[in-house]
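Dear colleague,

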Amino acid sequence: MSTPEHSHTQPHQHDDADSRPSPTTDAEWDAWYADREQVWSGEPNNALEIEVADLVAGRVLDVGCGEGADAVWLAKRGWTVTALDVAETAINRSRAAARANHVEITWVQSGLREVDLPEAGFDLVSAFYPVLLRTDEQLAERKLMSLVVPGGLLLVVHHADIDLASAKSHGWNPEDYVSPDEVAAALDADWEIECHEKRPRTISGGGGAEHDTDLVLRARRIR
């Protein structure tokens, strides 16, 4: 069984009326999606549009693709997209979104740490609101870093100013998971941080619409 490393689906982005414990296994994440007709807005994340707008399209890995809005948006702009998620239902919905938008995307059902993808294989690795377990060895952070080609970008975005007590009341402890700050701390001399800041977030609806501030980390691998 893979670790519960997943994006677009942390409990603070779930419907707050749901008092059930947060999913922790692949099967639980899949069941969580299956219980809901649609989770997210269907629109790409605002920070992705801002950060990627001026980039030359290349190879991108969408870590935790959810229902596929970011992956589809990238593919429509000429990126060669590989999209990763642990939940079969999420992958199936993403495939349907790609078909509806007439784009080709490579879908991978897996957690991040155990996924079989080439090192230094992507010009951009994008992880939005990821559920990546924190470890003493910084395994998730190092995996993210290893996938970026020299000269490429790592983009990690999370909600800022999460209410710890509220999250714990929904069965989720933010301190168990990797944040952009942890990723920034793991970067070594091979990396240059281009952006590490809080900024306003806009969203049209769907899960997580109550969160209005993002923490954005954009780092370039320089060698």
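Helix 4 (residues 88–100) lies across strand 2 and strand 3, at about 170° to strand 3. Contact here means heavy atoms within 4.5 Å, and angles run from 0 to 180 degrees between N-to-C directions, with axes fitted to C-alpha atoms, for helices over the stretch in contact. Helices (H or I, at least four residues) and strands (E, at least two) are DSSP runs, numbered from the N terminus.

This is a predicted model, in which local features need pLDDT of at least 70, side-chain atom pairs count only at pLDDT 80 or more, and totals for chains, interfaces and linings use all residues. Residues are numbered from 1 along each chain as its sequence is written, and side-chain values use heavy atoms, leaving out hydrogens and water.

The open sheet has seven strands in the order 3-2-1-4-5-7-6, with mixed pairing; two strands pair if DSSP finds at least two bridges between them. From one strand to the next, the twist averages 15°.

Strand 1 (residues 59–63) runs parallel to strand 2 (residues 80–85), joined by five bridges; Leu61 stands opposite Thr82 in strand 2.

Strand 7 pairs in the antiparallel sense with strand 5 over seven bridges and with strand 6 over nine bridges. Opposite His158 stands Leu215 of strand 7, while Arg199 has Asp214 as its bridge partner.

With kind regards
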